[in-house]
Amino acid sequence: MRVSLQKSALQSGQTVLISGSKSESNRLLVLQKLFPQLTIENLADADDVVAMIQGLNAKDQLVNIHHAGTAMRFLTAYFALCQEKKMVLEGSERMHNRPIGVLVEALRSLGAKIEYVDKEGYPPLSIEGIHAEGGVVSLPATISSQYITALLLVGSSLKKGLTVHLLGEITSRPYIGMTLSLLNTLGVSTTFKEQTITVHPPLKLKQTHFTVEADWSSASYFYSFVALSPIGTTLRLGKYKSVSLQGDAALAAIYEKLGVQTIFETDDFIQLIKKEIPQKAFISDFSHTPDLAQTVVVTCFGLGISCQIHGLHTLKIKETDRLVALQNELKKLGGNLEITVDAFLLSTSKTDRQSTDKQTTIGIDTYQDHRMAMAFAPLVVQMDLLIEEAEVVSKSYPKFWNDLRKLGIQAIESV
């Protein structure tokens, strides 16, 4: 499916209700399987969450999680250590090229029986499940925090608990913090000192009902819309907590530097207000919030300001190589984006923007990456765009195009 975005302004003063956090939802679903007393409200409606639900409740030995990276990591740990059943866990072609060897080796050190079906270090995986007792494991902390979370989640139910030693600089620390906060709320005893995390199963559950907060990552696209709109434009988003478990809640402070003020209202809605841009260059480290990088870079491009974002080494192993993908697509629009192994360096001249405005509608390839589609959408306030494979947004935000139309954005779907 293609979506033709025809230049249109965001209608000020509107409200958008955003689905629950994908990250919180998937963590809670695993915990619900381990502790069946749990009830969950406001689950995300994203494809990744559907894949997790289907995987956790699979009756067959073959489970296909398609593009859902979180499901691949969490289910690998769950199938390996928490049930005595033989499973084959597979996904899309891209998923079979996303490394998982670090997690597999950690699980094997705990007694897991996992074999690679095809290529060493990559899915598909053949798993002969065991009921592990727990133990001590070490793994690099510089890779995806989802490997670490996968271990912590299953470790919360193991008889002897789990100790995880992290080697090297810790990536995406807020996501580990989210996991530990949920475990603590549940009643799981945890400690996180220096490079070592321990979890012990609860003697008694402290809380059994959880309400998932709206997804902050999904809010980032609306922050971008407001940033690119005229001064005074407002938009309300719900429902969000002023103290959030989600690392991407940092986007409120990030977009303050891009001219968007965030006001937390008493009913858990936030109001975004477009202000003057306080600076003409954006420089930041996104080691803990890498999923926001694409949207922020596109926002800076639209604002005509330079941008330097570091700490992005994990983007190469996402749904696509996001560093290269963003460079390719911004180049079509006249953007000069340099990339390194862990950084975006954007410089946009007035000449580039003026020449871009005269071009015909440009097609943006999404590389089967939901964030590529949604990161570029806010540029519709400045130009026509054609988003290829636009259905990919269902991975995290199935109602995205419909929500844009409610805000006055002309988004026309075609096959």
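# Worked exercises on contacts, packing and backbone

**Exercise 1.** Identify the residues that His-96 touches, not counting those up to four places away in sequence.

*Solution.* Step 1: contact means heavy atoms within 4.5 Å. Under that criterion, His-96 touches Glu-90, Gly-91, Lys-119, Tyr-122, Pro-123 and Pro-124. The model is a predicted one, in which local features need pLDDT of at least 70 and side-chain atom pairs count only at pLDDT 80 or more, whereas totals for chains, interfaces and linings use all residues. Residues are numbered from 1 along each chain as its sequence is written, and side-chain values use heavy atoms, with hydrogens and water left out.

Step 1: His-96 sits in the loop between strand E5 (86–90) and helix H4 (101–108); helices (H or I, at least four residues) and strands (E, at least two) are DSSP runs numbered from the N terminus.

Step 2: compare sequence and space. His-96 and Pro-123 are 27 residues apart along the chain, and their C-alpha atoms are separated by 4.9 Å.

Step 3: Pro-124 belongs to the loop between strand E6 (113–116) and strand E7 (125–128), and the peptide bond leading from Pro-123 to Pro-124 is cis, with omega near 5°.

**Exercise 2.** Describe how H2 and H3 pack, giving the angle and the distance between their axes.

*Solution.* Step 1: two packed helices are described by the angle between their axes and the distance between the axes. Axes are lines fitted to C-alpha atoms, for helices over the stretch in contact, and angles run from 0 to 180 degrees between N-to-C directions.

Step 1: helix H2 (residues 47–56) packs with helix H3 (residues 69–81) at about 20°, the axes being 9 Å apart. H2 and H3 are therefore roughly parallel; the scheme takes angles under 35 degrees as roughly parallel, over 145 as roughly antiparallel, 65 to 115 as roughly perpendicular and the rest as oblique.

Step 2: list the contact. H2 contributes Asp-48, Ala-51, Met-52, Gly-55 and Leu-56, while H3 contributes Thr-70, Ala-71, Phe-74, Leu-75, Tyr-78 and Phe-79.

Step 3: sort the residues of this contact of H2 with H3 by class, which gives 8 nonpolar, 2 polar and 1 charged. Ala, Val, Leu, Ile, Met, Phe, Trp, Tyr, Cys and Pro count as nonpolar, Asp, Glu, Lys and Arg as charged, and the others, Gly among them, as polar.

**Exercise 3.** Which residues have the most contacts inside the largest nonpolar core?

*Solution.* Step 1: a nonpolar core is a set of buried Ala, Val, Leu, Ile, Met, Phe, Trp, Tyr and Cys residues joined through side-chain atoms within 4.5 Å. Buried means under 20% relative accessible area, exposed over 50%, and partly exposed in between (1.4 Å probe, protein chains only).

Step 1: the largest core has 75 residues, and those with the most contacts inside it are Leu-5, Tyr-223, Leu-237, Phe-376 and Trp-401. Helix H7 (residues 216–227) supplies the largest share of this core, 8 residues.

Step 2: examine Trp-401. Leaving aside neighbours within four places in sequence, its contacts include Met-1, Val-3, Leu-5 and Glu-413.

Step 3: another core, of 73 residues, lies apart from the largest one and includes Ala-68, Ala-71, Phe-79 and Ile-170.

**Exercise 4.** What is phi of Asn-42, a residue other than glycine?

*Solution.* Step 1: most residues other than glycine have a negative phi, and most peptide bonds are trans. Phi of Asn-42 is positive, near 65°.

Step 1: Asn-42 is in the loop between strand E3 (39–41) and H2. Because its relative accessibility is 36%, Asn-42 counts as partly exposed.

Step 2: treat Asp-268 likewise. Its phi is near 70°, and Asp-268 lies in the loop between strand E14 (260–264) and strand E15 (269–274).

Step 3: consider omega. The peptide bond from Gly-238 to Lys-239 is cis, with omega near -5°.
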